[in-house]
Amino acid sequence: MSAGMTGRERFRAAAARQEVDQRPVGCWIHFGSALWPAEISAAAHLRFAEEYGFDYIKVMNDYRFPTEGGLQEAREPEELRRVGGPGLEYDNRARQVEVLRRVREAAPERAVLDTVFSPFQTVVRTLGRSAVPLLQARPEIAHEVIGAVADRLVEHLEVTADHVDALFFSVNGSSRDEHGFGLSPEEFRDWVAPYDRRVLEAAADRVRVAHIHGYDLDAALTQDYPFEVLSWSHNQTVPPVEDLATTGPVPMGGLDEVASLYWPPSAARENVLDTRRRSADALIVAPGCTVHSDTPPSVIAALVAAAREPLG
């Protein structure tokens, strides 16, 4: 990080549309950390941020929810009830909290963002996409299970408040492509959106970044969600970044996470600078979604440099 504001100050000011000395920047990848102890995951996040000089650290959350009896795949709708119960031992929560604590302690000058997947997406990540037609077949079970998962996520928020600056809330189901898992708009409004809003409302004590995932978004489905910052694949889908230049949630993006895997650094630089211009330089600089783990270091370095370059 450069002299002037700390990365933490820069991120928090930008999220409130306040003046900053330069645009805050960060990036993230899935480290494959689902089975790692907390100290290794924390060390990987810290090394990644230090290597590139990020202003904020988006802490990935690859730990999976436990299930009653260790269920890994549901074959009947009733089996879905084995996810999200209050009596389970949530070791995933304990490990994620410890990762956050270690990152916060080691990097007080950087903003810390905690990744939380939406209740619906948490069920899919726990049992696989074959759970979706079971939820669709029994909407009353969908409400019960997704509601229970939402309760557990709210509990997670309560124990992470001291360690984070922001919630990075990843939403699936509102896209017309494969990332929507075949949900209809009616299903999304009925038994996905109410529980997303419950979690977001419980995070009002921190900056709320809504990451709306997918490449063909139905923006109307999440327009009433409470959040301060919007993260989305703006190079592929709506809304146009220009729409958020002066009003609405602060745009978070800049780098095309899909195309940049094989880009030279000059292409990454121009992509970020172009997005900054189109957003009237209101951007929190980031990829539109997680970058591929094999993204060249030169591309990530170009992302950071372009965030700090004065706009001509």
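Leaving aside neighbours within four places in sequence, which residues is Phe-188 in contact with? In this predicted model, the partners of Phe-188 are Val-171, Asn-172, Gly-173, Ser-174, Leu-183, Ala-193, Pro-194, Asp-196, Leu-221, Thr-222 and Tyr-225. Phe-188 is also listed, with Phe-54, Leu-80, Phe-120 and Trp-191, among the residues with the most contacts inside the largest nonpolar core, a set of 81 residues. Helix 6, which covers residues 139–160, gives the most to this core, contributing 9 residues. Another core, of 19 residues, lies apart from it and includes Tyr-56, Leu-113, Met-252 and Ile-284. In soluble globular proteins, nonpolar side chains tend to be buried together.

The overall architecture was examined next. The secondary structure of the protein consists of 10 helices and 7 strands. Its radius of gyration is 19 Å, close to the 20 Å given by the globule rule for 312 residues, so the protein is as compact as a globular protein of that length. The C-alpha trace spans about 60 × 40 × 35 Å along the principal axes. Of the 312 residues, 57% count as buried. Among contacts between residues at least 6 apart in sequence, 74% join residues at least 24 apart.

The protein carries 32 positive and 47 negative side chains, with the centres of the two sets 2 Å apart.

Helix 4 (residues 119–127) is mostly covered, with 9 of its 9 residues buried. The buried residues of helix 4 include Phe-120, which is also one of the residues with the most contacts inside the largest nonpolar core. Just after helix 4, Gly-128 adopts a positive phi of about 90 degrees.

A buried position is also found in a loop. Ser-260 is placed in the loop between strand 6 (250–255) and helix 9 (265–278). Ser-260 counts as buried because its relative accessibility is 0%. When residues up to four places away in sequence are not counted, Ser-260 touches Leu-255, Thr-295, Pro-296 and Val-299.

Definitions and conventions
Residues are numbered from 1 along each chain as its sequence is written. This is a predicted model: local features need pLDDT of at least 70, side-chain atom pairs count only at pLDDT 80 or more; totals for chains, interfaces and linings use all residues. Side-chain values use heavy atoms; hydrogens and water are left out. Helices (H or I, at least four residues) and strands (E, at least two) are DSSP runs, numbered from the N terminus. The radius of gyration is taken over C-alpha atoms; the globule rule is 2.2 Å times the number of residues to the power 0.38. Buried means under 20% relative accessible area, exposed over 50%, partly exposed in between (1.4 Å probe, protein chains only). Contact means heavy atoms within 4.5 Å. Lys and Arg count as positive and Asp and Glu as negative; His and the chain ends are not counted. The place of a charge is taken as NZ of Lys, CZ of Arg, CG of Asp or CD of Glu. A nonpolar core is a set of buried Ala, Val, Leu, Ile, Met, Phe, Trp, Tyr and Cys residues joined through side-chain atoms within 4.5 Å.
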